Amino acid sequence: MNLPQALLRHRTLVIEGADGIPRNGLIAQLAHHGFPIQHLPDRLHHVDPTRPYRELLAAPGRVALDGSMIHELVYGPLRRGHSRVTWIQALDFAESVAERDGALIHLTASVSLPRSAPTDFTEAADAYARAMRTLAQHVPVVTLDAADLTHPPRPGTPAHRELGRTKQQLTVRW
C-alpha cells in the first residue's frame, strides 16, 4: 500500500519512525488532505501510558498521530534497557488503530542516514522494522521512504495524481 491508498482507505494514521527521519513532508501532505495532526508528548503518562491514545482514538473523524507508544517500545530498551510499554499494550494499541479504520505509517530513510540522525539510528531503524513486522499482524502498516515525501502537494491538485509522483517528478515540476 502507498500513501494515496492509505489516504483513501484510512481515517486514522499513526506516523512512526526512527528519530532523525524528517516528518515535515508527510505531515504537510496529511494536513493538506484533511487529517488533523496530533503531536504527542515525548513523555508517556506516568500511570497509564495508553490513556492519551485511547482518548484520541475515541474521538470522531480523521486523525493523524505523530508518534506513539511504538516509539517507547523501540527506544526504551535502547536508552534505558527496558520499555515502559509492554507488547500487550502495543498490540492492543495496534488493534485499536485498526478498529478505527487506521494504519501505521512506518517512515524509513533507505537512501542514506539523515544528517540529524542520532547515534543509535541504525539500531532504532532495525528495531522499528522488527516491531512493524509484528504489529502488521494486527494493523495495516504502510512503509514510506521519507526522501519521497519532501515536497507537500501543491494546492488545487488531486491527491491521487500529486501523491503518486516520485521525488524526481516533483523536482522537475517545481
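Predicted model: local features only at pLDDT ≥ 70, side-chain atom pairs only at ≥ 80, totals over all residues.
View 1. Is His 10 buried or exposed? The relative accessible area of His 10 is 10%, and buried means under 20%, so this residue is buried. The side chain of His 10 reaches out to the backbone oxygen of Gly 102, at 3.4 Å.

**View 2. Helix H5 against helix H6.** Here is a pair of packed helices to look at. Two packed helices are described by the angle between their axes and by the distance between the axes. For helix H5 (residues 87–99) and helix H6 (residues 121–135), the angle is about 60° and the axes are 10 Å apart. Because of that angle, H5 counts as oblique to H6. The crossing of H5 past H6 is right-handed. Which residues make the contact? From H5 come Trp 87, Ala 90, Leu 91 and Ala 94, while H6 brings Ala 131, Thr 134 and Leu 135. Sorted by class, the contact of H5 with H6 has six nonpolar residues, one polar residue and no charged ones.

**View 3. Helix H4 against helix H6.** Now turn to another partner of H6. Helix H4 (residues 69–80) packs with H6 at an angle of about 135°, with 10 Å between their axes. That angle makes H4 oblique to H6, and H4 passes H6 in a right-handed crossing. On the H4 side you can find Ile 70, His 71, Val 74, Tyr 75 and Leu 78. They meet Glu 123, Ala 124, Ala 127, Tyr 128, Ala 131, Met 132 and Leu 135 of H6. In the contact of H4 with H6, ten residues are nonpolar, one is polar and one is charged.

**View 4. Glu 95 and Leu 135.** Our last stop is Glu 95, a residue of helix H5. With a relative accessibility of 34%, Glu 95 counts as partly exposed. How many residues apart in sequence are Glu 95 and Leu 135? They are 40 residues apart along the chain, and in space their C-alpha atoms are 8.8 Å apart. You have met Leu 135 already: this residue of H6 takes part in the contact with H5 and in the contact with H4.

How values were computed
Residues numbered from 1 in each chain as written. Heavy atoms only, no water. Buried < 20%, exposed > 50% of the residue type's maximum accessible area, 1.4 Å probe, protein only. Polar contact = N/O pair within 3.5 Å; in protein donor to acceptor, adjacent residues only side chain to side chain. Axes fitted to C-alpha atoms, helices over the stretch in contact; angles between N-to-C directions. Helix = DSSP H or I, 4+ residues; strand = E, 2+ residues; numbered from the N terminus. Parallel < 35°, antiparallel > 145°, perpendicular 65-115°, else oblique. Left-handed = near helix turned anticlockwise from the far one by under 90°. Contact = heavy atoms within 4.5 Å. Nonpolar A, V, L, I, M, F, W, Y, C, P; charged D, E, K, R; others polar.
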